[in-house]
Amino acid sequence: MVNAIWVILLVSGVIVGAINGKMDLVTKAALDGAKQGTIVCFGLLSILVFWTGLMKVAEEAGLVQSLAKLIHPLARFLYPSVPKDHPAMGSIVANMSANMLGLGSAATPLGLKAMKELQELNPNKDTASDAMCTLMAINTSGLTIIPATIIGLRMQYGSTNPTEIVAATILATAIATTSAIFLDRWFRAGERRKGGKTK
Amino acid sequence: MMEIVQLIAAWSLPVIIAFIPTYALLMRKVPVYETFIEGAKEGFPTVISIMPHLVGMLVAVTVFRESGALELVIGALNPLLEPLGVPPEFLPMALLRSISGSGSMAIMTDIFQTHGPDSFLGKLASTMQGSSDTTLYVLTVYFGSVGIRKARYAVKVGLLADLVSVVASLFVVHLLFG
């Protein structure tokens, strides 16, 4: 899919450029785009180096575990099919906490671990279980508290108030995640009504 | 409402910067500075790994915009989107969000450059990019890792949630900054 989009953007750009007689601009745009990508990355280095450093401190201080303890009751409600003392539950809450703290690099391995442990509980090894679908609903809806990369990019482009969008982002992500959880339950109920699989 | 939002936005980062090291040092006896340096080193590979994606996508996006192709698409969609309060420049980014995170990020930086990060469009792009994830990538990685081939309704849920996040971003940004 990404392959198709990339080619479409490039080819339609060149074709439209040819029709408009703007080939010189297209050439310049290609070189400018590459330059822009490099400049953006160097700009991002400053905030991301600082942020991953700070988040390492948060991780070492056990803030992920503290948050995990806090959201444990919520996880019990979200994953009724997982036994409460099963190791999967621990990985699930750790993954959710890391996501919320914006610890992307820590969240993925924890999520994959949760997935592996859920697979042990799964009777049909090639079909996603209820709990797996819920895990995906939460992980694909982007639950974050501080969007560090975006703040960094805003800073780089001279925003007068780079963190201005934090509250808006939290609100929007809360709406999206809540909807994802609701949709997950709704589609599952629909599947049951049609007499589909139950586990 | 607006004042509270501004207050949260202005205080969030400073409070986090002060709280995390203080808590780590006093309550957990973490050697905070050494830990910070150790973690900060991990920032380099992260940025370096984004760079090829951003260069590739920004070349495509810039060519698409400068050639006049973006203008054509926007012109065609404008009559549909304008009454809904959707800036047409926002649509390509919204469409790309679920498929390629670096692609939508490239469009976001392009919007920052053309319209400024503090413009309505800039704020909308920031909010949308932050409030969703690259659904198709996440699903592929997670299900692929344990050999799940039948995803049931997970793709539907993920993509619908992305749609919700687009609508929610529009609503929230109109509400707070409109």
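1. Conventions. Residues are numbered from 1 along each chain as its sequence is written, while chains are lettered from A, and ligands numbered from 1, in the order in which they are written. As the model is predicted, local features need pLDDT of at least 70 and side-chain atom pairs count only at pLDDT 80 or more, whereas totals for chains, interfaces and linings use all residues.

2. Secondary structure. Helices and strands here are DSSP runs, numbered from the N terminus: a helix is H or I over at least four residues, and a strand is E over at least two. Chain A has eight helices and zero strands, giving the pattern α-α-α-α-α-α-α-α along the sequence. Chain B has nine helices and zero strands, and its pattern reads α-α-α-α-α-α-α-α-α.

3. Overall shape of chain A. The radius of gyration is taken over C-alpha atoms, and the globule rule used for comparison is 2.2 Å times the number of residues to the power 0.38. For the 199 residues of chain A the rule gives 16 Å, but the radius of gyration is 22 Å, so chain A is more spread out than a compact globule. Taken along the principal axes, the C-alpha atoms of chain A fill a box of roughly 65 × 45 × 25 Å. Within chain A, the C-alpha atoms of A:D24 and A:E117 are separated by 56 Å, and the two residues are 93 residues apart along the chain.

4. Overall shape of chain B.

5. Burial. A residue is buried if 20 or more other C-beta atoms lie within 10 Å of its own, exposed if 12 or fewer, and partly exposed in between, with C-beta atoms placed from the backbone. By this count 51% of the 199 residues of chain A are buried, and for chain B the figure is 48% of 178 residues. One exposed residue is A:D24, which has 9 other C-beta atoms within 10 Å; A:D24 is found in helix α2 of chain A.

6. Contacts within each chain. Two residues are in contact if their C-beta atoms, placed from the backbone, lie within 7 Å. Among contacts in chain A between residues at least 6 apart in sequence, 64% join residues at least 24 apart. For chain B, counted among contacts between residues at least 6 apart, 62% join residues at least 24 apart.

7. The interface. In all, 86 residues of chain A are in contact with 89 residues of chain B. On the chain A side, the elements that give two or more residues are α1 (2–19), α2 (23–60), α5 (104–121), α6 (130–140), α7 (148–156) and α8 (166–193). The most comes from α2(A), with 25 residues. By class, this side has 48 nonpolar, 27 polar and 11 charged residues. Here Ala, Val, Leu, Ile, Met, Phe, Trp, Tyr, Cys and Pro count as nonpolar, Asp, Glu, Lys and Arg as charged, and the others, Gly among them, as polar.

8. The largest nonpolar core. A nonpolar core is a set of buried Ala, Val, Leu, Ile, Met, Phe, Trp, Tyr and Cys residues joined through C-beta atoms within 7 Å. The largest one has 109 residues, of which A:V57, A:I92, A:M132, A:L135 and B:V157 touch the most other members. Its largest share, 11 residues, comes from α2(A). Leaving aside neighbours within four places in sequence, A:V57 is in contact with residues of chain B including B:I20, B:P21, B:V30 and B:F36.

9. Helix α6 of chain B. The expected span of a helix is 1.5 Å times one less than its number of residues. For the 15 residues of α6(B), residues 101–115, this comes to 21 Å, and the end C-alpha atoms are 21 Å apart, which agrees. The helix is mostly covered, with 12 of its 15 residues buried; among them are B:M105, B:I107 and B:F112. Just after α6(B), B:G116 takes a positive phi of about 90 degrees.

10. Two loop residues of chain B. B:K29 has a positive phi of about 50 degrees although it is not a glycine, and B:K29 lies in the loop between α1 (2–28) and α2 (32–41). It counts as exposed because it has 9 C-beta neighbours inside 10 Å. B:R152, also not a glycine, has a positive phi of about 50 degrees and is found in the loop between α8 (135–146) and α9 (154–177). B:R152 counts as buried because it has 20 C-beta neighbours inside 10 Å.
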